There are 2 protein chains.
Amino acid sequence: MPRAWHLKSRPKGLPTAENFELKEVTLPPLEDGMIRLRNRWLSVDPYMRGRMNDVKSYVPPFQLGEPMEGGAIGEVVESKADGFAPGDLVQHMAGWRDEAAIAARGANKLPSLGVEPQRFLGVLGVPGATAWFGLLDVASAKAGDVIFVSAAAGAVGSAVVQIAKAKGMTVIASAGGSEKCDYVRSLGADQVIDYKARPIHKSLAEAAPEGINVYFDNVGGDHLDAALASARNHARFAICGMIAGYNDPKPPSFRFAMRIIAARVRLQGFLITDYLGRMGEFFQQMAPLVAGEAVTSRETIVEGLEAMPDGFLGLFKGENIGKMLVKL
Amino acid sequence: MPRAWHLKSRPKGLPTAENFELKEVTLPPLEDGMIRLRNRWLSVDPYMRGRMNDVKSYVPPFQLGEPMEGGAIGEVVESKADGFAPGDLVQHMAGWRDEAAIAARGANKLPSLGVEPQRFLGVLGVPGATAWFGLLDVASAKAGDVIFVSAAAGAVGSAVVQIAKAKGMTVIASAGGSEKCDYVRSLGADQVIDYKARPIHKSLAEAAPEGINVYFDNVGGDHLDAALASARNHARFAICGMIAGYNDPKPPSFRFAMRIIAARVRLQGFLITDYLGRMGEFFQQMAPLVAGEAVTSRETIVEGLEAMPDGFLGLFKGENIGKMLVKL
């Protein structure tokens, strides 16, 4: 029987294994236009934490007692849809489960770029596109800029570091702990800050004595405050994530809020969903960087559907280097 | 003897009369290219609070024991500069004093728009231009938008309300106390919130059940947080001032910071100094609105140089309706 992770209860603060339940599911009958899939790779992403709350947001909340959803790579095992045949690999949103039967219009066949399929959940998928459009479009980053990126050992941050270097920027990156910092350094970051070693304000001020032009924010909280303190005039901030606050009931405070005015900072929040219509442009420009190894990627893999909540919870404990994936 | 207000000591928190000292000054000899002025009107503005601190900011701090500066309207009494003659009225930055001798290049002759001269410190001066460019340029506000503006009974806010109405926007405005709220209502605001009556979050959520497209921020703190809570998708915030925080050592906290991402909010700080090159454009478009009384203005006037610190301190006690001015 196919199985899927269900939301058993809503977390307060940091989620625990008790919030999830693995249960058997019955797939709907395969009608015209549908495909049946066996999932190969499942994605766990920080944004999913928000879907565990019962609040209106940019994606609807997971429903109590219902199967969860998320990005996945699956193999078509049966098709009643034109253009899809058994053996095709597709990217789709019916994750958190081993098998699925879905409308084919919700699935994208993987482009033939000669890379491993799980890359389409990482550097050539949503995290990579988030890095690309956030840095180049939202923050208008360009050659010569000094950029600061937080959570730089993560799926999005590690792509930001490498895209920025490929485009001729100076990169200051933060990560937690020496292993992650070593990894970020290996990606080409000019300066790497271990935010666990000392207050981020001090480290950033020293790393960027003349300030930063761009901040790519994955963390929020004190990282965002430090970036405001170090903002050069007309700095642009792409606000992508605030993982520091996802499980913290205390609202973030900003000692350097007034810098928004004094330095004329632009803070622009964004969602990758607004850029899905430009994925073709992204593939066209990112694929050569990946093929030429200007942009590499690393994965932290947990094995088996049973381990999926552990992988997800690991995101908030900083257990992943690069993209966190579940391999089935 | 000419007299000028000097910075006697730097305030911690709310300034007091003890921080200021009125002393006689000797004017420099009038050399070629200079004019001697008798000031008629002096401006006190919230931003001056920042100059009382000894911190690097967008304008240099006032120096301890030295005369203070600020916007003023003066009458030329002696001129060694081409194009300036006794009797000319000029706008300049040698305020906080009764007489001055300055380089004529630091003075602007008032345009002949048939309005009272003190308007060039208000609706046709820096506050009016701040409202104009902040609303229309920084926040990209346009007809049909729902805009929220805080401190709407102040010099900048009252201009924002009226410009927005003249341009076909729906205006929600906040002010403190019933007298100010009545004034803001008289300016044409569609809904007026008394932020002292109840929490601003609640009032704004009720006033804008479908959210706001634009926020013009003069206050920061809980007003900014409430605007984030009520932000529609792709809302634009012009961050002009944060008077709530100027005297408060506690950093502002934002319960709704995550809305920046979920609603893709753009927060853009700005300084009017970046727009001084476009003052001609401003006069051209604002003057007809003022002449036709689409944009009116009100002043709170304190009389005499001795009373100037009282007028300045009154800004932080909410004592002014419209532009706070000192008349000499």
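Q: How many strands make up the open sheet that runs from β10(A) to β10(B)?
A: This is a predicted model, in which local features need pLDDT of at least 70, side-chain atom pairs count only at pLDDT 80 or more, and totals for chains, interfaces and linings use all residues. Residues are numbered from 1 along each chain as its sequence is written, while chains are lettered from A and ligands numbered from 1 in the order in which they are written. Strands (E, at least two residues) and helices (H or I, at least four) are DSSP runs numbered from the N terminus, and two strands pair if DSSP finds at least two bridges between them. With mixed pairing, the order β10(A)-β9(A)-β8(A)-β11(A)-β12(A)-β13(A)-β13(B)-β12(B)-β11(B)-β8(B)-β9(B)-β10(B) gives an open sheet of 12 strands.

Q: Which strands stand at the edges of this sheet?
A: Each edge strand has a single partner strand, so one side of each is left without a neighbour in the sheet. The twist from one strand to the next averages 15°, with angles taken from 0 to 180 degrees between N-to-C directions and axes fitted as lines to C-alpha atoms, for helices over the stretch in contact. The edge strands are β10 (191–194) of chain A and β10 (191–194) of chain B.

Q: Do β13(A) and β13(B) run parallel or antiparallel?
A: Both strands span residues 266–269, and three bridges join them. In one pair, A:R266 stands opposite B:Q268. The direction of β13(A) against β13(B) is antiparallel.

Q: How many residues does β13(A) give to the side of chain A that touches chain B?
A: The contact takes 27 residues from chain A and 27 from chain B, where two residues are in contact if their C-beta atoms, placed from the backbone, lie within 7 Å. On the side of chain A, the elements that give two or more residues are α8 (259–262) and β13 (266–269). By class this side has 16 nonpolar, seven polar and four charged residues (Ala, Val, Leu, Ile, Met, Phe, Trp, Tyr, Cys and Pro count as nonpolar, Asp, Glu, Lys and Arg as charged, and the others, Gly among them, as polar). β13(A) gives the most, and its number of residues is four.

Q: Which residue is the bridge partner of B:A175 in β10(B)?
A: Strand β9 (residues 170–175) of chain B runs parallel to β10(B), and four bridges join the two. Within this pairing, the partner of B:A175 is B:D194.

Q: What angle does helix α4 of chain B make with the direction of β10(B)?
A: Helix α4 (residues 178–186) of chain B packs on the sheet and touches β9 and β10 of chain B. Its direction and that of β10(B) make an angle of about 165°.

Q: Is the crossing of α2(A) and α3(A) left-handed or right-handed?
A: The axes of α2 (residues 126–138) and α3 (residues 155–166) of chain A come within 8 Å and cross at roughly 50°. The two helices are therefore oblique to each other (angles under 35 degrees count as roughly parallel, over 145 as roughly antiparallel, 65 to 115 as roughly perpendicular and the rest as oblique). A crossing is left-handed if the near helix is turned anticlockwise from the far one by less than a right angle, and right-handed if clockwise. Here the crossing is right-handed.

Q: Which residues of α9(A) make the contact with α2(A)?
A: The axes of α2(A) and α9 (residues 279–291) of chain A come within 11 Å and cross at roughly 90°. That makes α2(A) roughly perpendicular to α9(A). From α2(A) come A:G128, A:A129 and A:W132, and from α9(A) come A:M279, A:F282 and A:M286.

Q: How far apart are the axes of α2(B) and α9(B)?
A: In chain B, α2 (residues 126–138) and α9 (residues 279–291) pack at an angle of about 90°. That makes α2(B) roughly perpendicular to α9(B). The contact is made by B:G128, B:A129 and B:W132 with B:M279, B:F282 and B:M286. The axes of the two helices are apart by 10 Å.

Q: How far apart do the C-alpha centres of domain 1 and domain 2 of chain A lie?
A: The domain assignment gives domain 1 (3–122 + 298–327) and domain 2 (126–273) in chain A, with bounds that come from an automatic or database assignment. In chain A, 15 residues of domain 1 are in contact with 16 residues of domain 2. The distance between the C-alpha centres of these domains is 28 Å.
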